[in-house]
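Visitor: Hi! I have a structure to look at and I'm new to this. Could you walk me through it?

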Protein chains: 2
Amino acid sequence: MKKMIIASTSTIHGGTYLSYILPELEAFFKDVATVLFVPYARPGGITHDEYTAIAAKGFGTINKKVVGLHTFENPVAAVENAEAIFVGGGNTFLLVSQLYRNKVMEVIRGVVNEGTPYFGTSAGSNITGLTMQTTNDMPIIYPPSFKTLGLVPFNINPHYIDADTQSKHMGETRETRIKEFHKINTQPVIGLREGSWLAVNGEEIVLKGDLSARIFEQTKEAYEISTGASLKF
Amino acid sequence: MKKMIIASTSTIHGGTYLSYILPELEAFFKDVATVLFVPYARPGGITHDEYTAIAAKGFGTINKKVVGLHTFENPVAAVENAEAIFVGGGNTFLLVSQLYRNKVMEVIRGVVNEGTPYFGTSAGSNITGLTMQTTNDMPIIYPPSFKTLGLVPFNINPHYIDADTQSKHMGETRETRIKEFHKINTQPVIGLREGSWLAVNGEEIVLKGDLSARIFEQTKEAYEISTGASLKF
């Protein structure tokens, strides 16, 4: 059975890496000793080793070992043999490019569908959707496709942020961007605010955390769902 | 001789469409009766006709006629025969996809290099750079390439915005995103604040408007250049 935590962010304001979600992770990974970490998104351009050390420190507080996918000669086998997978945030274009280059996109989809627990934050959550096309990131590298894992039947917009009505900046709001997406794409988009996550158990998808989430469907006005609610489309 | 105005935005806070830059446009287009407008970027998903009407209204105040590129059966010939070109803002991924689909990317590069005046705002400015990879837009469509006009020897980041030090949002700042770009790309990036533009005359490129611009080179700390300064790399 599919088991996933799809989190908007790794770190909330005033917290440390993963601190806000550690109780949830402790329960989610209770039968897992070692988590396979995918460091490809390289936030701020840090190296795979540096990023893996950050993840290891976060997971160390709940006594889990972390190994970086980049340390395996055969990434496909590493995914197939993983007890659990954590894909960290950073740049989604880089993450998707590397997943395709290392031929693990389909393999991750397969093992997660078969029950390997999956935890994603930010870019690592974006890629659980049908496509990466509602990322907030800069296109710093040209990926072979925008298609992603499709483990949930919609797209994710992590770090969702409401329009700042006081702003004098004329760049588009997040909601405007998602509306532009819906002029030429049909799938729903879940705007996940920081500190929110989706808990996936088989076909059940529940919003967790303190905040509501904003749902965008192509032919409807955007609306909110409350924490604790199930997502159904 | 190459003659371009590369503007961060079409509209500044409290102004109307193009109002802040009309005196500059009046001088720039003084020998031009009709401007060819490229509406492909469709801000907010509006139609090509709707967008062309907005551009026509703006240019009407300086007595210029505007025709939409989408109204021509042969877009290549329309570009070749244009007195001047204006590429409006919106979604850069959509703009670039449509420029390639209509086979006008190279044609625009050619005529502008030969002296056809070019005015761009936002996405229309981003594409004057070497690649579109420092856009702020969502990847709502997969373009055949991120390579753009390369009419200036760097990349543009329009709507450049400084970090809000009061923000509790954990998404990346614009500067962080551009630094990530420079982990895997070498070209300089010009962060053009709203109300700023680059005036290009042949090989001379001068910053105009009230504000300074922020320059990012791969191996240097980011720095500011003052309005009136020439850009040289």
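**A walk through the model**

Guide: Happy to. Strand 6 (residues 155-160) of chain A is largely enclosed by the rest of the structure, because six of its six residues are buried. Buried means under 20% relative accessible area, exposed means over 50%, and partly exposed is in between, using a 1.4 Å probe and protein chains only. Helices (H or I, at least four residues) and strands (E, at least two) are DSSP runs, numbered from the N terminus.

Visitor: What kind of model is this, and how are things numbered?

Guide: This is a predicted model, where local features need pLDDT of at least 70 and side-chain atom pairs count only at pLDDT 80 or more, while totals for chains, interfaces and linings use all residues. Residues are numbered from 1 along each chain as its sequence is written, chains are lettered from A and ligands numbered from 1 in the order in which they are written, and side-chain values use heavy atoms, leaving out hydrogens and water.

Visitor: Back to strand 6 of chain A. In which sense does it pair with strand 7 of chain A?

Guide: Strand 6 and strand 7 (residues 189-193) of chain A run parallel, paired over four bridges. Two strands pair if DSSP finds at least two bridges between them. Y160(A) stands opposite R193(A) of strand 7.

Visitor: What does N157(A) touch?

Guide: N157(A) is in strand 6 of chain A and is buried, at 0% relative accessibility. Setting aside neighbours within four places in sequence, its contacts (heavy atoms within 4.5 Å) include T134(A), N136(A), R174(A) and, from chain B, M138(B).

Visitor: And G171(A), where is that?

Guide: G171(A) sits in the loop between strand 6 and helix 7 (174-184) of chain A. G171(A) has a relative accessible area of 19%, so it counts as buried. Beyond its neighbours within four places in sequence, G171(A) contacts H159(B) and E194(B).

Visitor: Let's switch to chain B. What is the strand order in its open sheet?

Guide: The order is 6-7-10-11, with four strands and mixed pairing. Strand 6 (155-160) and strand 11 (223-225) of chain B are the edge strands, each pairing on one side only. From one strand to the next, the twist averages 30°. Axes here are lines fitted to C-alpha atoms, for helices over the stretch in contact, and angles run from 0 to 180 degrees between N-to-C directions.

Visitor: How many bridges join strands 7 and 10 of chain B?

Guide: Three bridges join strand 7 (residues 189-193) to strand 10 (residues 213-216) of chain B, and the two run antiparallel. One example is G191(B), whose bridge partner in strand 10 is R214(B). Helix 7 (residues 174-184) of chain B packs on the sheet and touches strand 6, strand 7 and strand 10 of chain B; its direction makes about 170° with that of strand 6.

Visitor: Is helix 4 of chain B enclosed or open? What covers it?

Guide: Helix 4 (residues 92-101) of chain B is largely enclosed by the rest of the structure, because eight of its 10 residues are buried. Among them are F93(B), L94(B) and L95(B). The cover over its buried residues includes helix 4 and helix 7 of chain A, along with helix 5 (105-113) of chain B.

Visitor: What about the largest nonpolar core?

Guide: The largest nonpolar core has 84 residues, and I85(A) and I85(B) have the most contacts inside it. A nonpolar core is a set of buried Ala, Val, Leu, Ile, Met, Phe, Trp, Tyr and Cys residues joined through side-chain atoms within 4.5 Å. Another core, of 22 residues, lies apart from it, and F28(A) and F59(A) are among its members.

Visitor: Last one: how many helices and strands does chain A have?

Guide: Chain A has seven helices and 11 strands. Of its 233 residues, 58% are buried.
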